[in-house]
Amino acid sequence: MTESELRAALRDYITRELIRDAAYPLRDDEGIVSGGLIDSFALAELGVFVEKTFNIYIPDPDLTVATMDRLDQITARVLRDLPK
Amino acid sequence: MLTLATRSSYRTVLDAAFLRGGDPGATAIVYLSATAEPIVITRAAFQRQVRRYAAAMTAQGVRARDLIVIAHTQNLECMVAFWGALLIDAVPSMFPTLTEKLDPQIYMNGITALVAREGVRAVFTTDDFAPLLRPLVTCAVYGTSDVPTDLFDDTPIAAPDPDAIAFLQHSSGTTGLQKGVALSHRAVLNHLAGYGDAIAITPDDVIVSWLPLYHDMGLIAGFMMPLIQGIPLVLMSPFEWVRAPAMLLRAIDAYRATLCWLPNFAYNHCARRIRERDLDGLSIASMRLFVNTSENVSDASHQLFYDRFAAIGCTRAMLSTSYGMAENVFAVSQTRAGELPRVETIDRDALEHERRAVVVAADHPRAVVRTACGTAIAGTQMRVIDRDTGALLGDRQVGEYVITSDCLLTEYYRRPDLNPIDADGWYRTGDIGYLADGCVYVSGRVKDLIINGGKNIFPGDIEAIVNEVEGVYPGRVVAFGVDDVREGTELVAVVAEVRAMQDAETLHRINADIRRIVSTRAGVTASYVQLVDDRWLIKTSSGKIARSANRDKWLRERAEAGAS
């Protein structure tokens, strides 16, 4: 999976399932939690999605606003552990 | 223990187990953290810390009957401070914790307004907040390092009048206009005796909680009850639990917990967001009761929780329900221990239009499921009245609940303009529902209150905030709650009129601005934000925005868009 495919898959999930507005034009650098688009509950859900979809386990202490607030950050975190 | 039978031997909350003696080495509190080892505090150690804190408060000039606000992050210090104030007959109140969303300035304004309105004597807070808050308020402000910890722990225990106000609970509204619910020692003890009877509390019980201590459920069930009754409390931070919900189940397993109070959304949160690997080797079979309370109780949420966790020991009999409010200390009704909540299927039309609960078959086209919240606890009586005429209604007739009890609030603190209790001793709850064989079926509220994740939100507050967003027509905003089956709670929706034919970038900016300002100013997430053209919103004949009509229109349009 390329970075752009991964980014697209994450964007689709986040806008459709977490922001509940598939048409929302989410920018790569937009604060998802800090911008009030989702609440911190949804970070736990993102962890479940990433594990189910990409088989990547992000430990609870890493699912924080500081580390998972922007699509850029989330993509980089998943990409880090994706098999090359 | 404090029971209906032993009630007469307790005068005030200062007869709490950890202050009365007994086994000094027994565990009072276990404080869990995601990043550090558990802290275990015995009754004797907690008593020492409380007495020292009381000595510090006395040295700082706090006197009997002074109102003390504790504005901490949830930690051991706030628990010690609360009891320290009680020990010297001061009146403590836990102020909500600052969340990472909420703008600190808004938070500070809330405390400032409270201090001015209620004549607060001192605020005890963190070292970070103290210097910021000090210039804003007229009372003393103490950070953690301002409180000496080396004083003698020999502060005598006060002997307050049982009818004196013990502490205040502030409702969890989004503005600074919350009312302080003033509760007497007598009311708190009566409540714990009656409630303990309903849940058949025993000395072997262990309470586990992630609930915030400024909320009635957290303050009473998850703090005062275990310390007064002398049973261990296993507590964690709400912020850590939200991000890592498996913490709760690990705590149940590790400490063989038996009792846990949860708002409805927490059942969905645990069932949907705990990862399978986090359940390995865990058992929750030690539990006696999970108590679902503080927002609409959903049988579907119970089913989701049961299906997910039956394999690690959850049973249907553990899933109990309760209905409550701070004005009655905490609970009004509760399913009795070992008794399943009654669930019935009723006709939606009859409920809404005829105000009657008519039982129908599960496959009826207008079937809605209602889960009962048990029957009134000992010492509390409930009735249903017609909202307009005040006439008493019969079984299965829908109206407003009124309650009378031996544990009602004394007053709203320093609000002589509000008379919450009528001449006959009845309190109007503002909640709508019916009674059937004594069982409580809540179906709505008099006001358009939204309860999101256990937090009360007034739509008018959200609308006022959104009105300030550039690009939104002032006064042409509506906010309302939308039931969400997946989350098990009400979500906040905002519909705002904006100028037509704007470019996509401007609309994105307005949309993002609305979400950000609602989050930072009200501390909640606007889950749905819809920008509409001029004249979309329905107004009443007097020109006001009609909230429920607009909610219906929005739901209808969404259903049509989804169907097409």
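The model is predicted, with local features requiring pLDDT of at least 70 and side-chain atom pairs counting only at pLDDT 80 or more, while totals for chains, interfaces and linings use all residues. Residues are numbered from 1 along each chain as its sequence is written, and chains are lettered from A in the order in which they are written.

In chain B, three strands form an open sheet in the order β25-β26-β27, with mixed pairing; strands (E, at least two residues) and helices (H or I, at least four) are DSSP runs numbered from the N terminus, and two strands pair if DSSP finds at least two bridges between them. Because β25 (472-484) and β27 (526-533) of chain B each have a single partner strand, they stand at the edges, and one side of each is left without a neighbour in the sheet. From one strand to the next the twist averages 25°, angles running from 0 to 180 degrees between N-to-C directions of axes, which are lines fitted to C-alpha atoms, for helices over the stretch in contact. Nine bridges join β25(B) to β26 (residues 489-498) of chain B in the antiparallel sense, and B:Val472 stands opposite B:Val498 in β26(B).

Helix α13 (residues 459-466) of chain B lies across β25 and β26 of chain B, at about 140° to β25(B); contact requires C-beta atoms, placed from the backbone, to lie within 7 Å.

Elsewhere in the description, the axes of α10 (residues 264-273) and α11 (residues 299-309) of chain B come within 9 Å and cross at roughly 35°.

Definitions and conventions:
Contact = placed C-beta atoms within 7 Å.
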